[in-house]
Amino acid sequence: EIQNTNTDAHNTGVGYLAGQLMTTGVRNTLVGSTTGDAMTTGVDNTAVGQGALGALTIGNNNTAIGHDALGTSVDGDYNVAVGYETLKTYEDGDGDGFNTALGARAMKMSTTAEDNVAIGYLAMGVGTTTGDHNVAIGNNAGEDLTAGERNVLVGRRAGAALTDGNYNIAIGYQALNHDANGDHNTAVGYFALENFDGSSDN
């Protein structure tokens, strides 16, 4: 049961231990067993699903819908996680975040990444993502991404093997599918540069 029930708090807690530690947090909506159960001073958070926002204490303006969505974030802000285990292991510093992950296990293993958009099953979901400003749209798009930054990957398995590469554009089914570390590459079309690996500026 949610604890801060002052008339000006506007918190809603439904489910076993939802919002149990709330002290001065306001305008939070927590629905599901153990949703937001560590939250104390968080503001304007929405969590729906068992374990969603389960570790959040002081983070603000987060939306987590799905089992364990944003489950380990303690103080991240402005993240959107919709789907089973989306952004599950994410934890950055206070005030950091601004990620959008939609689809089961999208950005599941991301840790400190910021300003990313991942849409689709396992999009940016396998690698321990720390890179910023990436867009991955499509099932398994950019799934191995780790430190790479400013990549645009659109299509199923587009840039799937990319780990540390930067400033790449891959649009199409399995475009740039095997490249791990190249920079400044552009691949547009079905299987475009599918077996390419390693160099830059193509």
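These are my notebook entries on what I looked up in this structure, which is a predicted model.

**Entry 1: the sheet**

I began with the strands. I found an open sheet of 11 strands, with parallel pairing. Its order is β1-β2-β3-β4-β5-β6-β7-β8-β9-β10-β11. Which strands are at the edges? The edge strands are β1, residues 12–14, and β11, and each of them pairs on one side only. From one strand to the next, the twist averages 5 degrees.

Strand β6 covers residues 100–102 and strand β7 covers residues 117–119. The two run parallel and are joined by 3 bridges. I looked up L102 and noted that its bridge partner in β7 is I119.

**Entry 2: the nonpolar core**

Next I looked for nonpolar residues that are buried together. As background, I noted that in soluble globular proteins nonpolar side chains tend to be buried together. In this model the largest nonpolar core has 33 residues. Which residues have the most contacts inside it? They are L53, L70, L87 and M107.

**Entry 3: salt bridges**

I turned to charged side chains. In general, side chains of opposite charge can pair when their charged atoms come close. How many salt bridges does a search of the whole structure find? The search finds 7.

I started with D68, which forms a salt bridge with K88. The closest N and O atoms of this pair are 3.9 Å apart. D68 is in the loop between β4 (63–65) and β5 (80–82), and K88 is in the loop between β5 and β6. The pair links distant parts of the chain, as the two residues are 20 residues apart. Is D68 buried or exposed? D68 counts as buried because its relative accessibility is 18% and the limit for buried is under 20%. K88, at 24%, counts as partly exposed.

K88 has a salt bridge with E85 as well, at 3.3 Å from N to O. E85 is buried, at 5% relative accessibility. I noted that D68, E85, K88, R105 and K108 are linked in a network of salt bridges.

I looked at another salt bridge, in which the side chains of R157 and E143 meet at 3.2 Å, N to O. R157 lies in the loop between β9 (152–154) and β10, and E143 lies in the loop between β8 (135–137) and β9, so the pair ties together parts that are 14 residues apart in sequence. R157 is partly exposed, with a relative accessible area of 22%. E143 counts as buried, at 10%.

**Entry 4: aromatic rings**

I then searched the whole structure for aromatic pairs and found 4. One of them is Y173 with Y190, a stacked pair with 5.5 Å from centre to centre and 15 degrees between the planes. Y173 is in the loop between β10 (169–171) and β11 (186–188), whereas Y190 is in the segment after β11, 17 residues apart. Y173 is partly exposed, with a relative accessible area of 32%. Y190 counts as exposed, at 63%.

Y173 also pairs with F191. The ring centres of Y173 and F191 are 5.4 Å apart and the planes are at 85 degrees, so this pair is edge-to-face. Y173 is in the loop between β10 and β11 and F191 is in the segment after β11, so the pair ties together parts that are 18 residues apart in sequence. F191 is partly exposed, at 33% relative accessibility. I wrote down Y173, Y190 and F191 as one aromatic cluster.

**Entry 5: a glycine**

Last, I looked up G182. Where is G182 found? It is in the loop between β10 and β11, the loop that also holds Y173. G182 is buried, with a relative accessible area of 0%. I also checked G182 against T163, which is 19 residues apart from G182 along the chain. Their C-alpha atoms are separated by 9.1 Å.

Note on methods. Residues numbered from 1 in each chain as written. Predicted model: local features only at pLDDT ≥ 70, side-chain atom pairs only at ≥ 80, totals over all residues. Heavy atoms only, no water. Core = buried A, V, L, I, M, F, W, Y, C linked by side-chain atoms within 4.5 Å. Buried < 20%, exposed > 50% of the residue type's maximum accessible area, 1.4 Å probe, protein only. Phe/Tyr/Trp six-rings, centres within 6.5 Å; stacked < 30°, edge-to-face > 60°. Helix = DSSP H or I, 4+ residues; strand = E, 2+ residues; numbered from the N terminus. Pairing = 2+ DSSP bridges. Axes fitted to C-alpha atoms, helices over the stretch in contact; angles between N-to-C directions. Salt bridge = Lys/Arg side-chain N within 4 Å of Asp/Glu carboxyl O.
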